[in-house]
Amino acid sequence: MTYDLLIIGAGPMGIAVGIEARKRNLEILILEQGALVNSLFHFPKNMQFFSTSQKLEIGNVPFISHHEKPLRDEALEYYRRVVQQWDLPIKYYEKVLHVQKNEVYHVQSEKSEYRAKNVVVATGFYSQPNLMNVPGEDLPKVSHYYDEPHPYIQQKVAVIGAANSATQVALELYHKGADVTMIIREERIPDNVKYWIKPNIENRIEEGAIQAYFSSKVVEIKEESIIISQNGQLIELENDFVFAMTGYLPDFDFLRKIGVQCQADEFETPYYDESTHQTNIPGLYVAGVICGGKNTSKYFIENSREHAERILQSIVQTSI
């Protein structure tokens with residue numbers, strides 16, 4: 001069988017593209033390397049979105065939340081209902097290894113090979129941590145993902161970074177009884193931290209409840225300590241666990257492997273036509289966060305939903 005469209009990634013953006021294709025009665029398949037909305041599933045258990053539920057809606061399916069800004073579990077339930085309502089065909093735990101075009105696209109996964117006239121890459125970025133590349137980063141006590149605070153009660157925990165995620169992690173750990181230290185490159189908490197988080201973390205730092213080392217970076221991680229550099233001075237701190245909340249990156253290796261060109265700028269932005277989202281390869285599209293390259297804060301669910309409609313308009317017009 002040759003599908004009209006094969007979508008790589010079953011996050012909110014991949015689902016949105018699938019819905020637009022369903023509206024046009026196209027034969028589609030979605031391949032996902034993990035669970036449904038895999039990135040959201042791996043968010044902290046108690047995480048609350050920065051956006052309102054209305055801004056997270058796709059496919060004209062209402063998102064009813066008990067809070068102004070929904071919780072992770074509410075989002076998981078919502079996207080399950082969206083997939084069920086639109087009857088989207090998704091194969092889970094099937095990572096795509098390669099995409100190659102002959103007369104049609106041949107998509108090779110870990111389990112099978114598929115044929116499609118068009119392919120959309122909507123793989124997001126959450127599965128690729130932005131590594132610090134320091135000795136000891138591969139120790140078991142180091143994680144780039146945060147789940148819940150309970151295991152870290154009365155432990156010395158270093159949080160690397162000061163963006164929204166890092167500040168939230170630091171605050172939750174502190175409130176649950178961890179001894180929290182923040183290692184921050186900037187001279188202060190950045191202005192783009194959400195307005196309801198910024199004064200909270202600044203007050204905890206000012207009163208000494210959370211120790212913060214500004215203008216600093218991690219040099220080495222050891223079994224029972226970390227070494228940081230602050231203004232050229234090396235400081236060794238006792239440490240039990242490290243949360244390196246240094247951000248995440250799209251899978252550039254996969255993009256290059258399948259032939260998508262990236263710009264030689266600081267963000268390595270993929271080449272694509274903003275009106276259609278078609279890359280340098282005809283019939284191969286990108287959607288969602290991946291369109292921003294390393295600038296992963298450029299696109300969110302609420303400002304990338306229109307990507308799906310642009311892509312499907314291009315596919316339909318090209319096939320006429």
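In the predicted model, Ser229 stands opposite Leu234, a residue of strand 15. The strand pairing around this position joins strand 14, which covers residues 225-230, to strand 15 in the antiparallel sense, and six bridges are found between the two. Both strands belong to an open sheet of three strands, in which the order is 13-14-15 and the pairing is antiparallel. The edges of this sheet are formed by strand 13, residues 216-221, and by strand 15, residues 233-238, each of which pairs on one side only. From one strand to the next, the twist of the sheet averages 30 degrees.

A second element of the predicted model is the packing of two helices, helix 1 at residues 12-23 and helix 8 at residues 306-319, whose axes lie 8 Å apart and meet at an angle of about 40 degrees. The crossing of helix 1 and helix 8 is right-handed. On the side of helix 1, the contact is made by Met13, Ala16, Val17, Glu20 and Ala21, while helix 8 contributes His307, Ala308, Glu309, Ile311 and Leu312. Taken by residue class, the contact of helix 1 with helix 8 comprises seven nonpolar residues, one polar residue and two charged residues.

Note on methods: Residues are numbered from 1 along each chain as its sequence is written. This is a predicted model: local features need pLDDT of at least 70, side-chain atom pairs count only at pLDDT 80 or more; totals for chains, interfaces and linings use all residues. Side-chain values use heavy atoms; hydrogens and water are left out. Axes are lines fitted to C-alpha atoms, for helices over the stretch in contact, and angles run from 0 to 180 degrees between N-to-C directions. Helices (H or I, at least four residues) and strands (E, at least two) are DSSP runs, numbered from the N terminus. A crossing is left-handed if the near helix is turned anticlockwise from the far one by less than a right angle, and right-handed if clockwise. Contact means heavy atoms within 4.5 Å. Ala, Val, Leu, Ile, Met, Phe, Trp, Tyr, Cys and Pro count as nonpolar, Asp, Glu, Lys and Arg as charged, and the others, Gly among them, as polar. Two strands pair if DSSP finds at least two bridges between them.
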